[in-house]
Structure formats: structure tokens, C-alpha cells
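This briefing covers salt bridges and surface patches. Please read it alongside the sequence and the structure.

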Amino acid sequence: MSNWTHRLATVAIAACLAWHFLAILAPAWVTVVARPSFGRDFKSYYYAMDVAWAGGDPWDKKALAASAREDEVPGGTHPFLYPPPFLLVMLWSVPLDLHDAYRTWFWLDEMWLALAVLALWRWWRPLGASVAVSLAIAVAVFTAIPANHVMGQANYPGLALALLGLWAAARDWKVLGGVFIGAACMVKMSPALFVAWWILKGNWRAAFAACATAVALSIAVLPIVSLEHQLGFYTRVLPTFGSGTYNGLALQDGIAMFGNHSIPNIYHQLFYEQARELSTPARVLSSATALGLIGSLGFLFRRRDEDDLQRACQVGAIGVAMLLVPVYTYEHHAVWAIPAIVASLVALAHGRLGPGWGVLLGLAMACWATDISDMKSLSRGARAVSPVLGYSIQELKFLSLLVFLAATAWVGSRRYDAAATESPGESA
């Protein structure tokens with residue numbers, strides 16, 4: 001890298017980090033302090049911990065609501081949706097009241113984000129300076145990042161643990177990597193797709209360590225959540241994820257709400273029956289598409305002779321697949337696309353993607369740099385001109401996820417000859 005290019009990259013990184021703190025983090029913190037009712041997602045974790053600490057069932061909506069009423073907390077509480085060991089992450093909140101815990105979680109979230117960014121940079125640093133620049137851009141403009149902070153969401157702990165696990169396994173620390181991924185799966189269950197990827201690659205030690213860690217954490221949380229209540233989660237709550245009822249989650253617009261960026265949302269709108277549950281055709285098509293998507297990625301990534309950039313793109317593609325498959329994928333969930341964004345931009349910098357891909361990625365980045373409320377207003381205005389145009393704007397972020405998926409799947413599955421020069425027509 002030339003001195004001029006290095007200096008330009010340094011300026012870009014510094015500007016992006018400053019933008020993150022001044023234009024992203026600071027306004028989010030002001031919102032958290034001024035309007036604590038925004039943290040309805042965090043309320044579900046906090047009161048689930050409160051109920052479990054008292055020996056109750058943390059997945060019982062009525063118990064959570066009763067606990068919130070005792071504190072005279074307005075705004076309602078979402079049902080708790082996470083696996084039992086997640087509550088180990090919330091032990092620190094027991095002595096705090098809701099507002100102090102919510103504000104503390106804001107900064108814990110930022111620390112988890114910083115850890116995730118550091119892990120990804122350290123892991124992919126051999127791919128060149130474009131990794132740091134791409135990460136800085138993502139942290140600066142990605143609207144999913146402040147959405148997590150304001151809503152008190154729990155995506156960053158799972159993301160950081162997953163990236164630490166993947167990095168450790170890539171450095172041949174298989175057992176340690178499995179421990180981290182197992183912990184990530186017990187924070188959010190979707191990282192189990194990375195375990196499936198390890199199995200596909202024959203990385204059995206890491207996969208076994210991940211499964212063993214999940215079991216060990218389930219045992220460790222027994223003093224807080226009884227075996228009966230844990231079994232209730234897997235037999236009563238978890239099956240509701242496939243239908244969209246999500247343990248009685250009540251949202252005004254249901255599955256079709258603006259900002260749901262998942263494949264089932266598309267089928268739900270095509271085969272609508274009721275707001276908060278998929279119709280039978282939508283459920284069948286969603287399941288078939290999910291199996292087809294995951295199976296296709298497994299087929300494309302089945303080889304074991306990839307280079308570092310191809311493996312990075314495979315991780316990115318799996319992260320996006322984790323977003324497309326569930327019934328609900330909100331703005332804050334999309335931080336799992338950060339590896340795909342970085343891998344795509346790095347692939348572009350390395351010439352693995354041609355100019356055509358560059359245009360698509362630029363448009364996708366612009367969509368994810370646009371606040372969801374602004375996009376919603378734009379969509380409403382466009383519907384007055386054309387319903388089709390309004391609907392297209394509504395799904396722009398979903399389409400952008402498909403762009404990141406296609407770019408990373410393309411690079412991750414394509415044989416690459418370092419001695420050959422790709423033409424734009426071949427790459428785009």
C-alpha cells in the first residue's frame with residue numbers, strides 16, 4: 001500500500017469513528033436517557049431475570065407484566081424469547097432498577113460491539129487495510145447499530161461471541177472456538193448455523209465443543225431457571241417461532257410491519273390471513289425457502305480448499321441467511337450482516353467482484369444508511385403516486401440483504417486463480 005493510500009485510509013477510519021460517536025452514539029444515548037420507554041426489548045430481559053430470580057417462569061407473559069406493574073412501569077413488556085442460559089448474561093442487573101439497568105446495558109452493548117469489531121478486524125486483518133476501512137464505514141453508517149442501543153437489544157453479545165469463536169477456530173484453537181460459539185448459541189440460537197458450517201467442513205472438535213458448552217450452560221443456569229421451566233421453553237415457546245406467534249408477541253401491524261426484513265414477511269403479504277401468524281401456504285413456502293437457502297449454501301460451500309477471503313465471504317453469507325430465515329427480522333437484528341458488508345467490500349477491493357457488483361453494493365449500503373423512519377415516510381409518499389413504488393421502497397432493505405448474500409455467496413463459492421485476472425463481465 002502506498003503512503004498516499006495509507007494516509008487516505010487513516011483519514012477515512014478516523015472520520016468514520018468520529019461519526020459513530022458524534023452522530024450515532026451520542027443521539028442514541030440522549031434518547032435512552034430522555035425516553036426510557038423506548039427500551040421495551042430490554043424490559044423483557046430485565047423482568048424475565050426478575051421473575052426467574054424469584055423462582056418463576058421467565059417465559060410467562062403474565063408474570064413479566066405483573067413484575068412490571070409492581071414497579072409502576074408504563075408501556076408494556078414484550079414476552080421473553082431467549083434460551084435459558086441467556087439469563088446468565090443478565091445476572092448483573094439483579095440489584096439495579098429498570099432505568100439504571102437500561103442505561104448500563106447501553107454501554108455494555110457498545111462494549112460488546114467494540115469487541116465484535118476488534119475480533120473481526122484481528123481475524124481478517126491479513127486480507128489488507130480494506131478490512132479496517134470497511135469496518136469503519138459499517139460502524140459509521142449502519143442504522144442497525146444505534147437501533148440496538150436504543151431498543152436495548154441483545155444482538156451484540158451473540159455477535160461478539162460468535163466472531164470470537166470463529167476467529168479462534170480459524171487459528172486452530174478448535175475447542176476454545178467451540179466454547180465461544182456454544183455460548184453465542186445460548187444467547188441467540190441462530191449462530192447454530194455456524195456449527196452446521198463447521199460440520200460441513202469436517203471441524204468436528206469445534207462443533208462438539210459448541211454442543212457441550214450449550215449443555216454445560218443449561219446446567220449452570222439451573223439455580224436460576226428450573227429444569228421444568230427450561231423444558232417449557234423448548235417444548236412450548238420455541239415451536240411458536242415457526243408460526244410467527246413468538247410466545248404471544250403482540251405488534252400493531254403483525255408480521256407485515258414496516259421494517260420486517262425477512263423472507264417469511266414476503267410470503268405473509270402474498271398469502272395474508274391474520275396479522276400475527278403465518279398462513280399455511282406462507283408457512284410451507286417459508287420453510288421450503290429456508291431449507292432451500294441453507295441447503296444451497298451448504299452445497300456451494302462444500303469444498304475445503306478455499307482461501308481466507310472465500311472463507312470470510314462464507315461467514316458473511318451465513319450471517320445474512322440467519323437474518324432472512326426467521327419470521328421477524330427487525331432493524332436491530334441486521335448487525336449480523338456486518339461480516340457480509342465487510343467481506344463484500346474487501347472482495348471488491350481485491351478485484352473478486354467487478355464494477356457491476358460495486359454499484360449494487362453501493363446502493364445496498366445507501367439503503368442501510370437510511371433511517372427506517374425516513375424510509376417509511378418515503379414509502380408512504382410514494383404510495384400516493386404508485387402502490388408498487390411504495391411497496392418497492394418498503395422492501396429496499398430486504399433487497400439489500402439479498403445483495404450482500406449474493407455477493408458473499410458468489411465469492412465464497414467460486415474457485416479463484418490468483419494468477420488470473422477477472423474481467424468485469426465475469427465478476428458482475
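Is Asp307 buried or partly exposed? Asp307 counts as partly exposed, with a relative accessibility of 24%, where buried means under 20% relative accessible area, exposed over 50% and partly exposed in between (1.4 Å probe, protein chains only). The model is predicted, so local features need pLDDT of at least 70 and side-chain atom pairs count only at pLDDT 80 or more, while totals for chains, interfaces and linings use all residues. Residues are numbered from 1 along each chain as its sequence is written, and side-chain values use heavy atoms, with hydrogens and water left out.

**Salt bridges**

- The count comes to 8 salt bridges, a salt bridge being a side-chain nitrogen of Lys or Arg within 4 Å of a carboxyl oxygen of Asp or Glu.
- Arg352 pairs with Asp307 in one of these salt bridges, with 2.7 Å between the closest N and O atoms.
- Arg352 lies in the loop between helix H16 (338-349) and helix H17 (355-368), and Asp307 in the loop between helix H14 (280-300) and helix H15 (308-324), so the pair ties together parts that are 45 residues apart in sequence.
- Helices here are DSSP runs (H or I, at least four residues), numbered from the N terminus.
- Arg352 counts as buried, at 8% relative accessibility.
- Arg303 forms a salt bridge with Asp305, and their closest N and O atoms are 2.3 Å apart.
- In that pair Arg303 is buried at 16% relative accessibility, whereas Asp305 is partly exposed with a relative accessible area of 48%.
- Arg283 and Glu277 form a salt bridge with closest N and O atoms 3.1 Å apart.
- Arg283 is partly exposed at 33% relative accessible area, and Glu277 is partly exposed at 23%.

**Surface patches**

- Patches are made of residues with over 30% relative accessible area and no salt bridge; like charges are joined within 9 Å, and nonpolar side chains (Val, Leu, Ile, Met, Phe, Trp, Tyr) within 5 Å.
- A patch of negative charge on the surface gathers Asp50, Glu70, Asp71, Glu72, Asp97 and Asp100; Asp and Glu count as negative, and the place of a charge is taken as CG of Asp or CD of Glu.
- Asp71 sits in the loop between helix H3 (61-70) and helix H4 (98-124) and is partly exposed, with a relative accessible area of 43%.
- Val215, Ile219, Leu222, Leu227 and Leu231 make up a nonpolar surface patch with about 470 Å² of accessible area together, by the Shrake-Rupley method with a 1.4 Å probe.
- Helix H10 (204-220) and helix H11 (227-237) each supply at least two residues of the nonpolar patch.
- Leu227, placed in helix H11, counts as exposed at 54% relative accessibility.
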